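Subject: Structure for you to look at

Hello,

Here is the structure I said I would pass on. Please open it first, then read the notes below.

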Amino acid sequence: MNTWLLALLVNNHFGVLMRVTGLFSRRGYNIASLSVGETNDPDISRITIQTHTDGAAIHQIIKQLEKLEDVKSVALLPGAETIARELLIIKLVVPAARRGALAEALSGFDCKMPYEDENKIILEFTGSTARCGELIGVLDSYTVLELCRTGVTAMSTVHQIQSI
């Protein structure tokens, strides 16, 4: 099984996301990550889907997605030529006595700290899926109250997704 990133441009109205995700579930394919947002055109949304499957299946998925009425384009993003990022927001219990140790543990990460009080800290981190996983591992010795992860959003450095 390989990991694949798909970028879709779709009409921005109700039901489109359900039809796209329904296509995956009806065929027994799992969506590992999903992110959706409007583009610079408010009538068009961009959907980024990460899935794990074999090469033959990904081409079948692309063909089926292209048949959906509200799908304007589908692109398979090439790994080496793609910038892919996730946003991670983590709320931790960190007493004052452990703040120095936390700062040291985070020294290899470019984390922001948008909130802190005497017992809690909220960290914000943007990076690759692997780096997000590494950061979560580094924080294993702390009490995580909440963790939010956006899922992958990605863009090719060489190709522009064009409407069908």
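A definition to begin with: helices are DSSP runs of H or I with at least four residues, numbered from the N terminus. By that numbering, α1 is the helix of residues 16-26. Just after α1, Gly-28 has a positive phi of about 80 degrees. Please keep in mind that the model is predicted.

Now the chain as a whole. The protein chain contains 4 helices and 9 strands. Their order along the sequence is β-α-β-β-α-β-β-α-β-β-α-β-β. Taken along the principal axes, the box filled by the C-alpha atoms is roughly 60 × 35 × 30 Å. Considering contacts between residues at least 6 apart in sequence, 73% join residues at least 24 apart.

Next, burial and surface. The protein chain has 164 residues, and 38% of them count as buried.

Which of its residues are buried? They are Val-16, Val-20, Gly-22, Leu-23 and Phe-24. What covers them? The cover includes the strands β1 (2-11), β2 (31-38), β3 (44-53) and β4 (71-76), together with the helix α2 (55-67).

Regards

Notes
Residues numbered from 1 in each chain as written. Predicted model: local features only at pLDDT ≥ 70, side-chain atom pairs only at ≥ 80, totals over all residues. Heavy atoms only, no water. Helix = DSSP H or I, 4+ residues; strand = E, 2+ residues; numbered from the N terminus. Buried < 20%, exposed > 50% of the residue type's maximum accessible area, 1.4 Å probe, protein only. Contact = heavy atoms within 4.5 Å.
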